[in-house]
Number of protein chains: 2
Amino acid sequence: MIPLEPHRDERASMAPSAARKLFRQGLSVPTAGYAAGYAQANLIIVPRELAFEVLLFAQRNPKSCPILGVLEAGQTSNELLPDGDIRTDLPKYTVYQNGQKIAEPTDLSEYWRDDLVTFIVGCSFTFEAALIENGIGVAHIDQGVNVPMYKTNIRSASAGSISGPMVVSMRPIPASQVADAVCITSRYPAVHGAPVHVGNPEEIGITDLGKPDFGDALTIPDGTIPIFWACGVTPQAAVMESRPVLAIGHAPGHMLITDARDSMYQVP
Amino acid sequence: MIPLEPHRDERASMAPSAARKLFRQGLSVPTAGYAAGYAQANLIIVPRELAFEVLLFAQRNPKSCPILGVLEAGQTSNELLPDGDIRTDLPKYTVYQNGQKIAEPTDLSEYWRDDLVTFIVGCSFTFEAALIENGIGVAHIDQGVNVPMYKTNIRSASAGSISGPMVVSMRPIPASQVADAVCITSRYPAVHGAPVHVGNPEEIGITDLGKPDFGDALTIPDGTIPIFWACGVTPQAAVMESRPVLAIGHAPGHMLITDARDSMYQVP
């Protein structure tokens with residue numbers, strides 16, 4: 001039986017392992033607000049023969065693809081999800097065949113192969129807690145929706161057969177707090193760090209903020225500037241363009257909840 | 001005809017491309033003191049089927065193996081050596097078969113295959129310039145020898161079939177300048193960053209500072225503390241232990257001279 005979603009307070013105070021267990025049992029909801037203080041992460045999973053190109057893509061695009069951990073072929077957990085199972089512990093996945101999305105399953109039993117390699121990629125949810133602690137509101141949390149994400153006209157550095165556009169997440173920030181938001185997020189290089197663009201969405205190829213490519217549209221509060229951070233969905237955009245035979249990601253907003261504390265990824 | 005080694009002043013003021021040309025023509029000498037202000041780099045070259053494991057090894061051991069660039073299979077240059085050729089532009093290489101050193105050629109024509117992937121790894125020579133500018137002497141430069149390097153009892157994080165000990169370079173620093181040396185080098189994370197150990201060589205398995213595993217022994221000045229930095233020879237120590245069919249490195253001290261300025265790798 002699929003568990004019910006816990007109450008908001010209960011979600012926030014949950015241990016990462018308890019949250020992963022709920023999702024393993026079939027609960028399929030966005031993970032924002034779960035296990036406060038623990039890092040959430042993006043996934044990109046590919047067959048072993050593509051693993052070098054994907055890791056090289058990440059190495060060449062550290063702002064969008066900061067690697068927190070790698071599960072080698074056959075491995076299904078590591079210290080980021082002790083006693084966990086990467087095939088079941090996310091609330092929802094996205095499966096691509098030849099660059100086409102073919103399914104959004106809640107577990108991967110139907111698609112898993114022992115030659116699959118999993119890349120665990122930092123997520124900007126980690127620095128949102130720091131923004132809020134410093135008095136900077138995060139609009140999509142206030143509005144109870146998923147963060148809006150956009151494909152841009154900024155090209156990722158390619159690696160072998162893998163190339164594609166940089167994907168960014170957007171947060172509207174009051175003009176008086178833009179500098180603070182830049183400084184605070186720059187202290188989290190392992191989870192995308194400082195923004196890649198401040199203001200002027202057209203310049204990076206975003207013509208309508210109301211139509212994100214992933215996640216939800218936001219009501220943009222008056223007096224705010226749209227700020228763009230590199231996003232861990234970038235490997236999925238590359239997969240959609242480069243069309244490898246098989247690739248699996250998390251479903252946007254439906255992240256891996258890790259045992260690593262957000263504070264671990266802060267630098268001085 | 002093999003060119004003669006230029007005079008010391010001429011070596012320092014040489015452009016990186018001019019230095020690479022000398023080595024391409026057959027000059028085989030240590031590279032310390034050439035092209036001042038430009039980053040020198042370690043190499044590790046392996047067949048394509050080992051490339052994922054080596055890149056993952058680097059990702060898991062960022063202090064010893066900071067990647068500055070990767071030449072994919074078939075590539076022999078990139079922006080770090082424009083118009084250069086990785087097969088000829090180092091003064092000396094080390095070739096390993098099944099973990100055994102079989103040759104130290106001055107070019108790779110005899111060993112090159114189109115499936116070889118080259119990893120260009122940061123080198124602590126880059127932060128030595130910053131130490132000297134800040135009034136901290138570098139003993140091996142003063143003594144005109146190669147920096148001493150040691151295998152330690154610190155295990156690198158393994159990746160697939162690749163595992164081995166961390167290799168460190170050692171610089172004796174006056175006790176009053178140890179803190180400064182730590183702070184200055186911590187600003188260069190892409191070239192090994194802050195030390196991994198200060199004092200007590202026995203604790204990391206070094207029983208005799210006078211017998212380095214790579215490079216030269218130093219006269220250790222009175223009143224100095226031995227400081228240890230992670231070293232880009234670490235992948236070669238892993239190759240010696242893990243015994244892949246073929247791997248190629250630079251010969252210790254005989255580095256790739258890149259077109260990247262040392263200052264590029266400084267963080268605030």
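This is a predicted model: local features need pLDDT of at least 70, side-chain atom pairs count only at pLDDT 80 or more; totals for chains, interfaces and linings use all residues.
Biologist: What radius of gyration does chain A have, and what would a compact globule have?

Modeller: A compact globule of 268 residues would have a radius of gyration near 18 Å, and the 17 Å of chain A agrees with that. Buried residues account for 46% of the 268 residues in chain A. As for contacts between residues at least 6 apart in sequence, 78% of those in chain A join residues at least 24 apart.

Biologist: How are the two chains related?

Modeller: Two copies of a chain are related by a rotation about an axis and a shift along it. Here, chain B is superposed on chain A by a rotation of 180° with 0.0 Å of shift along the axis, at an RMSD of 0.0 Å. The two copies are thus related as by a two-fold rotation axis.

Biologist: Which residue of chain B comes closest to the rotation axis?

Modeller: That is F52(B), with its C-alpha at 2.1 Å from the axis.

Biologist: How many residues of chain B are in contact with chain A?

Modeller: The size of an interface is often given as the accessible area lost when the parts come together. Here we have contact counts: 9 residues of chain B are in contact with 9 residues of chain A. On the side of chain B that touches chain A, α3 (48-60) and β2 (67-71) of chain B each supply at least two residues. The most comes from α3(B), which gives 5 residues. By type, that side of chain B has 6 nonpolar residues, 2 polar and 1 charged.

Biologist: Which residues touch the most other members of the largest nonpolar core?

Modeller: In soluble globular proteins, nonpolar side chains tend to be buried together. The largest nonpolar core has 148 residues, and those touching the most other members are V54, L55 and V168 of chain A and V54, L55 and V168 of chain B. Take L55(B): leaving aside residues up to four places away in sequence, L55(B) touches F52(A), L55(A), L56(A), Q59(A) and F119(B).

Biologist: Which residues of helix α4 of chain A are buried, and what covers them?

Modeller: In α4(A), residues 125-133, the buried residues are F125(A), T126(A), F127(A), E128(A) and L131(A). The elements covering them include β1 (38-47), β5 (116-122), α5 (139-142) and α6 (178-186) of chain A. After α4(A) comes G135(A), which has a positive phi, near 80°.

Biologist: How do I read a sheet, and what is the strand order in chain A?

Modeller: Strands of a sheet pair through backbone hydrogen bonds, either parallel or antiparallel. Chain A has an open sheet of 4 strands in the order β6-β7-β9-β8, with antiparallel pairing. At its edges stand β6 (149-155) and β8 (197-198) of chain A, each with a single partner strand, so each has one side without a neighbour in the sheet. Between β6(A) and β7(A), residues 165-174, there are 4 bridges in the antiparallel sense. M149(A) stands opposite S169(A) in β7(A).

Biologist: What does chain B show for its open sheet of 4 strands?

Modeller: In chain B the order is β6-β7-β9-β8, with antiparallel pairing. There, β8(B) and β9(B) pair over 2 bridges in the antiparallel sense. H197(B) has F228(B) in β9(B) as its bridge partner.

Biologist: Is strand β10 of chain B enclosed or open, and why?

Modeller: It is largely enclosed by the rest of the structure, because 4 of the 5 residues of β10(B), residues 246-250, are buried. Strand β3 of chain B, residues 93-97, runs antiparallel to β10(B) and is joined to it by 5 bridges. In that region Q97(B) stands opposite L246(B). Strand β1 of chain B, residues 38-47, also pairs with β10(B), in the antiparallel sense over 2 bridges. The bridge partner of I44(B) in β10(B) is G249(B).

Technical notes
Residues are numbered from 1 along each chain as its sequence is written. Chains are lettered from A and ligands numbered from 1 in the order in which they are written. Two residues are in contact if their C-beta atoms, placed from the backbone, lie within 7 Å. Ala, Val, Leu, Ile, Met, Phe, Trp, Tyr, Cys and Pro count as nonpolar, Asp, Glu, Lys and Arg as charged, and the others, Gly among them, as polar. The radius of gyration is taken over C-alpha atoms; the globule rule is 2.2 Å times the number of residues to the power 0.38. A residue is buried if 20 or more other C-beta atoms lie within 10 Å of its own, exposed if 12 or fewer, and partly exposed in between; C-beta atoms are placed from the backbone. Two strands pair if DSSP finds at least two bridges between them. A nonpolar core is a set of buried Ala, Val, Leu, Ile, Met, Phe, Trp, Tyr and Cys residues joined through C-beta atoms within 7 Å. Copies are superposed by least squares on the C-alpha atoms of residues with pLDDT of at least 70 in both.
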